[in-house]
Amino acid sequence: MIARRDFLKGASVAAMAAVAGLPATDVHAQSVPWSAGTEPPKLKAPPNACDCHMHIYNSRFPAAPNAALRPGDAHAEDYRLFQKRIGTTRNVIVTPSTYGTDNSCTLDALATLGVTARAVAVVDTSVTDAELTRLNGLGVRGIRFMLNPSSPTTVAMLEPLSKRVNDLGWHVQISTTAKQIVAIEDLLMRLPSPIMFDHFAHPGQPAGIDDPVFATVRRLIDKGRSWVKLSAPYIDSKVGPPTYADVTPVAQAYVKAAPERMVWASDWPHPSQGDNHPDDAILFDLLAQWIPDETARNRILVQNPEAFYGFGKPA
């Protein structure tokens with residue numbers, strides 16, 4: 001009876017794999033902390049697919065005194081379950097606002113996840129060149145600016161830090177409101193380093209591509225140094241799950257304009273959503289609508305992050 005039950009279970013897994021186009025060993029129902037659902041996505045992740053924005057939280061590392069967002073623990077081991085369910089193998093750990101300029105939690109996770117991981121740190125202008133060099137050796141490839149009132153980074157820090165990290169081949173990552181991105185367009189145009197915008201650069205809904213930020217980001221892309229993360233549709237969507245249909249035209253417009261400047265990200269463990277955990281398989285399957293062309297989709301999942309974050313090269 002046990003042998004027969006195991007056989008039937010294996011046959012079921014194989015059938016699921018055939019539907020999703022994945023090897024049977026890679027696909028099965030998987031409960032993941034901070035994620036709803038258990039089924040794998042229908043869309044097959046190509047080899048070396050990269051999740052370009054996720055966070056690690058660990059109560060072993062103290063939160064910044066003024067941190068407004070303090071989720072529960074989301075460990076590197078939990079994230080490995082996410083990868084097993086979704087099928088991605090590379091990832092970029094982003095230091096969240098919870099820790100201010102203390103990157104210890106991110107670096108600890110970076111060491112745990114190993115050569116398939118890179119990181120984006122948070123620093124201010126007091127950071128030394130020696131520290132930047134140390135972070136580079138550990139796998140950090142950029143610095144994040146959230147630019148909100150509780151953030152340790154400010155608009156005034158953008159240009160001087162952009163100049164310093166550009167020498168390392170790093171980028172600056174912008175996570176702020178659409179209105180503020182529009183307001184500082186001239187400054188962003190001057191930055192010497194590449195720029196990565198989080199979460200579509202937050203065009204509001206229902207305006208979508210008619211939000212002024214979309215035109216601003218398009219101009220920055222056309223300048224040749226800016227990139228966009230297709231991620232976290234739940235933040236600005238008014239339609240919501242499971243389709244997030246109002247975000248689809250924004251994603252498609254970005255992809256049509258510059259597929260070579262797009263990457264994808266999960267935003268796991270979805271800190272802005274509290275206990276309302278999205279289904280990560282549904283989020284990943286949105287790529288079939290956002291990027292119908294398989295060649296372009298593989299470029300966004302594999303080749304673009306490989307070049308931008310330096311995967312395949314020594315950390």
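Okay, let's start with Phe-308: its relative accessibility is 13%, so it counts as buried, because the cut-off for buried is under 20%. Keep in mind that what's on the screen is a predicted model. Hold on to Phe-308 for a minute, we'll come back to it.

First, aromatic rings. How many aromatic pairs does a search of the whole structure find? The search turns up nine. Take the one between Tyr-79 and Trp-268: the ring centres are 5.5 Å apart, the planes make 55°, and the pair is tilted. Buried or exposed, then, for Tyr-79 and Trp-268? Both are buried.

Now back to Phe-308, which pairs with Tyr-309. Their ring centres are 5.0 Å apart and the planes are at 80°, so this one is edge-to-face. Tyr-309 has 0% relative accessibility, so it counts as buried too.

If you leave out residues up to four places away in sequence, Arg-85 touches a whole list of others, including Gln-30, Val-32, Glu-39, Pro-40, Asp-279 and Asp-280.

Next, how helix 2 packs. Two packed helices are described by the angle between their axes and the distance between those axes. For helix 2 and helix 3, which covers residues 104-113, the angle is about 55° and the axes are 10 Å apart. So these two helices are oblique to each other. Their crossing is right-handed. Which residues make the contact? From helix 2 it's Ala-76, Glu-77, Tyr-79 and Arg-80, and from helix 3 it's Ala-109, Thr-112 and Leu-113.

Now a quick look at the loop between strand 1 (50-54) and helix 2, where you'll find Ala-64. Ala-64 has a relative accessible area of 12%, so it's buried. Skipping residues up to four places away in sequence, it touches Arg-70, Thr-98, Tyr-99 and Gly-100. How far is Ala-64 from Trp-268? In sequence they're 204 residues apart, and in space it's 21 Å, C-alpha to C-alpha.

Ala-45, in the loop between helix 1 (2-20) and strand 1, is at 7% relative accessibility and so counts as buried. Ala-45 and Pro-249 are 204 residues apart in sequence, with 22 Å between their C-alpha atoms.

Last stop, helix 9, residues 248-257. Its buried residues are Thr-248, Val-250, Ala-251, Ala-253, Tyr-254 and Val-255. So what covers them? The cover includes helix 8 (212-223), strand 7 (226-231), strand 8, helix 11 (287-290) and helix 12 (294-309).

Notes
Residues numbered from 1 in each chain as written. Predicted model: local features only at pLDDT ≥ 70, side-chain atom pairs only at ≥ 80, totals over all residues. Heavy atoms only, no water. Phe/Tyr/Trp six-rings, centres within 6.5 Å; stacked < 30°, edge-to-face > 60°. Buried < 20%, exposed > 50% of the residue type's maximum accessible area, 1.4 Å probe, protein only. Contact = heavy atoms within 4.5 Å. Helix = DSSP H or I, 4+ residues; strand = E, 2+ residues; numbered from the N terminus. Axes fitted to C-alpha atoms, helices over the stretch in contact; angles between N-to-C directions. Parallel < 35°, antiparallel > 145°, perpendicular 65-115°, else oblique. Left-handed = near helix turned anticlockwise from the far one by under 90°.
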